[in-house]
Amino acid sequence: MLQESSVDSSGSRFAPLVVLELASDTKEEAITWLLSRIRDRQQNGGAELLVEQLGPGIGVKEKENPNMFLVGASMQRLLCGAEDLGLFKECTDGSMRAFTFASKHNFKDFKGDGDSFLSMAECQYVIKHELDTLRAKEETNVPGYSHAKLYPGKSIIRRLLSKGILIQMFPLHEKEELKRLSFSWYKKVKLSLQPLDDIRHYYGEGQALYFGFLEYFTFALVPMALIGVPYYLFDWEDYDKYVVFAVFNLVWCTVILELWKRRSASLAYYWGTLCRKKAFEEPRPGFHGVLGHNPVTGRAEPIYPTSKRHLRVYLVSLPFVLLCLYLSLYVMMIYFLMEGWALSIYDENPTFWTHILLFIPSIIYAVVIEAMNLIYRYAAEFLTEWENHRLESSYQNHLVLKVLVFNFFSCFASLFYIAFVMQDMELLRQSLATLLITSQILNQFMEAFLPYWLQRRRNKKMIRKVQKRRMYEEKELPLVEQVRLEADMSTYLGTFDDYLELFLLFGYVSLFSCVFPLAAVLVVLNNITEVYSDAFKMCRVFKRPFADPAANIGVWQLAFEAMSVIAVVTNCALIGMSPQVRSYFPESETQLILCTVAAEHVLLGFKFILTFLIQDVPKHIQDKLARLEFESLEALKKKVKSDSAGRQHEHQSL
C-alpha cells in the first residue's frame with residue numbers, strides 16, 4: 001500500500017499505516033511497556049500489531065524527536081479486525097453484508113489472501129480501533145509516570161494522550177493514490193461530479209458525505225439562482241414582486257433537505273455504513289471523575305454525577321452564552337450608529353466616494369462578526385470541555401448547539417432588525433450582500449490560503465534537508481522524510497467548520513434571499529470554489545485524518561431542518577409586510593397579522609406533510625435491508641435448531 005515497507009523486530013515485512021509520536025523525553029520503561037502491549041497477542045490483552053521505531057532523517061542538523069513509531073499489521077490481523085468492527089462489504093450476489101473471516105471468499109473483490117480487499121483507510125481505521133481498545137490490566141500507572149494513573153479496563157492510548165506522553169497518532173498518506181485522487185478531484189477544472197467513491201476510499205465515509213452534501217447543496221441552489229438572475233436584471237424595486245420568490249423559498253428549502261436524506265441513505269448503503277451497528281461509545285480522553293464501575297461493561301472507569309454537569313451547563317455555560325449574545329447585540333447597535341453616520345454624510349454630499357462610504361460600516365461589521373465567531377468558538381470549546389461530558393457524541397452536540405446559537409444570532413440578528421423593526425428593504429438588501437460577500441472572502445482566506453502559506457513555510461526546512469528544488473508533492477521522498485514531513489503538517493480538525501459555513505450560507509439564502517435574489521448565485525460560486533479549496537487543503541495542507549464510518553451528516557441534518565422552519569416564519573412575515581398583501585387589509589392591522597400567522601401555520605403543515613410523503617430511504621434500499629434482516633433471522637433459527645438437535649443427540653447418546 002505504501003511505496004516502502006518496513007521490517008519489525010520479528011522479521012515480518014509490513015506496510016506502515018499509522019504513526020505514533022511520543023514526547024521526546026518519554027521515559028524508556030514507558031516506551032518498552034507500550035511497544036510490548038502493542039505487539040502482544042490478543043489473548044494476552046495486546047493488540048497483536050507490528051511496530052518499529054522510525055530512523056533518523058537525512059542531513060539532520062537540529063534535534064529531531066527520536067520517539068516516532070510506525071504501526072502496521074498482517075493482512076490476516078486486518079481482516080479479523082474488520083470482522084470485529086462489523087465492516088459491511090459487497091457480496092458476490094450484490095448485497096451488502098457484515099464481513100466475516102470464515103466466509104471471506106463470498107465477498108466481491110476478495111482474491112488470494114485479500115491483500116487489496118480492504119482500502120487503506122479501512123486498514124488504518126482497524127489499527128486505530130485496536131490501539132484505542134488497548135486496555136490496562138494490572139498496571140496501576142504508566143511505567144515511569146506515577147501521576148498517570150491506570151486501572152483495569154482503562155484505555156491506554158487515551159490516558160497517554162490526556163497526559164501528554166503521546167503527542168499525536170495519525171495515518172500516513174499513500175503518495176501514488178493521493179496523486180491520482182488529486183488529479184481527478186481538483187488539479188483539472190472540469191464540469192463533472194466529484195469522485196465521491198474515490199474520496200470515500202481514501203478518506204472514509206464521513207469526509208465523503210461532507211463533499212457529497214456540498215455538491216448536492218450546490219446543485220440544489222441552481223434553480224433558485226436561475227430564478228434570481230432575472231429578478232435582479234429586471235431591477236424590480238417594488239417589494240411585492242418578490243412575494244413569488246419567497247413562496248418558492250418555502251417549498252425549496254423543505255424539498256432539498258428531504259431529498260438529501262434519500263441521497264445520503266443511498267450513498268451510505270452502497271458504502272456499507274447504513275445498516276452497520278453503532279459501536280458502544282467509550283468515555284472521552286478528557287473525561288474525569290471518581291473511579292467507579294460502568295454498569296454496562298462492568299469495567300472500572302471514572303464516574304461523574306450528572307447533576308454536577310447540569311449545574312455547570314445551566315449556571316455557568318448558559319449565562320455565558322446569554323452574555324455573549326448581549327455583547328453581540330451591543331456590537332450590532334454600534335453598527336447601526338455607523339450606518340446612520342455614513343448615510344447622513346451621503347445625504348449632505350452625494351458623491352461617488354460618499355456612496356462607497358455607505359458600504360464601509362457593513363464591511364467592518366462583517367469582519368467583526370467573523371472575529372467574534374472565532375473568539376467565541378474557542379470559549380465554547382473550553383466551556384464544553386469543562387462541562388466534562390462522558391461521551392464524544394454528547395460533547396459534540398453541546399458544542400454544536402453553543403456555536404450555532406451564537407453564530408446564528410451574530411450573523412442574522414442585524415438582518416432581522418433591519419427587516420422587521422426598521423423595515424428598510426433597501427438597507428436589508430445592501431447589508432445581506434455585504435455580509436455574504438465579505439464572509440465568503442474571509443472564509444476562503446482563513447480556510448485555504450493561510451494554512452497553505454503556513455504549511456509551505458514549515459515545509460521549506462524539510463525540503464532543504466533532502467536538497468530538492470521541486471515541490472515535495474512532486475518527488476519521491478524517503479519514508480523517513482515523508483513521516484517527519486507529515487508529522488509537522490497541520491491537523492485536520494474535522495468537518496465542523498465546513499458544515500457551519502454551509503449552515504450560515506443556507507441561512508442567507510433561505511431567510512432573506514427574496515430581497516437579494518443574487519444571494520443564491522453568490523453561494524453557488526462560493527461552493528464551486530469551496531470544493532476546490534477544501535480538496536486542495538485535504539490533499540496538500542493537512543495530515544490525513546482517520547476514516548469516520550458515518551451513515552449521515554448527523555446533528556447537522558437537524559440544524560438545517562431547524563433553519564428551514566425559521567425560514568418559513570421569516571418568509572411569511574416578509575410576505576405579510578409587502579405592499580401587495582397589505583393592500584388587502586387597508587383598515588385592520590390585526591387581520592393582516594392573523595392571516596399571516598394562519599398562512600404560516602398552513603405552510604408549516606404543508607412542510608411536515610412533504611416530510612412525511614418523501615421517504616428518507618428509497619424503496620429499493622428498504623427492500624434490500626428487509627431481505628437482509630429476514631435472512632439473518634432465518635439463519636438464527638437454523639442455528640438454534642441445529643444446536644437443539646445436537647444437544648438432544650448428545651443427551652440420547654448418554
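Visitor: Where does Gly 153 lie?

Guide: Gly 153 sits in the loop between β9 (145–149) and α4 (156–162). Helices (H or I, at least four residues) and strands (E, at least two) are DSSP runs, numbered from the N terminus. Before we go on, this is a predicted model: local features need pLDDT of at least 70, side-chain atom pairs count only at pLDDT 80 or more, and totals for chains, interfaces and linings use all residues. Residues are numbered from 1 along each chain as its sequence is written, and side-chain values use heavy atoms, with hydrogens and water left out.

Visitor: Is Gly 153 buried or exposed?

Guide: We go by relative accessible area: buried means under 20%, exposed over 50%, and partly exposed in between (1.4 Å probe, protein chains only). Gly 153 has 12% relative accessibility, so it counts as buried. Now look for Arg 135: it is 18 residues from Gly 153 in sequence, yet the two are 5.2 Å apart in space, C-alpha to C-alpha.

Visitor: What about the whole chain: how many helices and strands are there?

Guide: The chain has 20 helices and 12 strands. Of its 654 residues, 50% are buried. For the surface, accessible areas come from the Shrake-Rupley method with a 1.4 Å probe, and for residues only the protein chains shown count as cover. The chain exposes about 32100 Å², and carbon and sulfur atoms supply 62% of that.

Visitor: And what share of the contacts joins residues 24 or more positions apart?

Guide: Contact means heavy atoms within 4.5 Å. Among contacts in the chain with a separation of 6 or more, 73% come from residues 24 or more positions apart.

Visitor: Is the crossing of α7 and α15 left-handed or right-handed?

Guide: A crossing is left-handed if the near helix is turned anticlockwise from the far one by less than a right angle, and right-handed if clockwise. For α7 and α15 the crossing is left-handed.

Visitor: Which residues meet there?

Guide: From α7 come Leu 209, Tyr 210, Phe 213, Leu 214, Phe 217, Leu 221 and Met 224, and they meet Asp 498, Tyr 499, Leu 502, Phe 506 and Val 509 in α15. By class, the contact of α7 with α15 has 11 nonpolar, no polar and one charged residues. Here Ala, Val, Leu, Ile, Met, Phe, Trp, Tyr, Cys and Pro count as nonpolar, Asp, Glu, Lys and Arg as charged, and the others, Gly among them, as polar.

Visitor: How is α6 placed against α7?

Guide: The axes of α6 and α7 come within 7 Å and cross at roughly 155°. That makes α6 roughly antiparallel to α7. Their crossing is right-handed. Residues in the contact include Ile 199 and Tyr 203 of α6 and Phe 211 of α7. The contact of α6 with α7 has five nonpolar, two polar and three charged residues.

Visitor: And at what angle does α6 pack on α8?

Guide: Helix α6 (residues 196–203) and helix α8 (residues 243–271) pack at about 55°, with their axes 12 Å apart. That makes α6 oblique to α8. The crossing of these two is right-handed. Leu 196, Asp 197 and Arg 200 of α6 make the contact with Arg 263, Leu 267 and Trp 271 of α8.

Visitor: Back to loops. Where is Lys 108, and which residues are in contact with Lys 108?

Guide: Lys 108 is in the loop between β7 and α3. Its relative accessible area is 39%, so Lys 108 is partly exposed. Leaving aside neighbours within four places in sequence, Lys 108 is in contact with Glu 90, Cys 91, Thr 92 and Phe 117.

Visitor: What is phi of Asp 109?

Guide: Phi of Asp 109 is near 70°, a positive value in a residue other than glycine. Asp 109 lies in the loop between β7 (96–98) and α3 (120–132). Another one to find is Gln 423, with phi near 55°, in the loop between α12 (392–422) and α13 (425–465).

Technical notes: Axes are lines fitted to C-alpha atoms, for helices over the stretch in contact, and angles run from 0 to 180 degrees between N-to-C directions. Angles under 35 degrees count as roughly parallel, over 145 as roughly antiparallel, 65 to 115 as roughly perpendicular and the rest as oblique.
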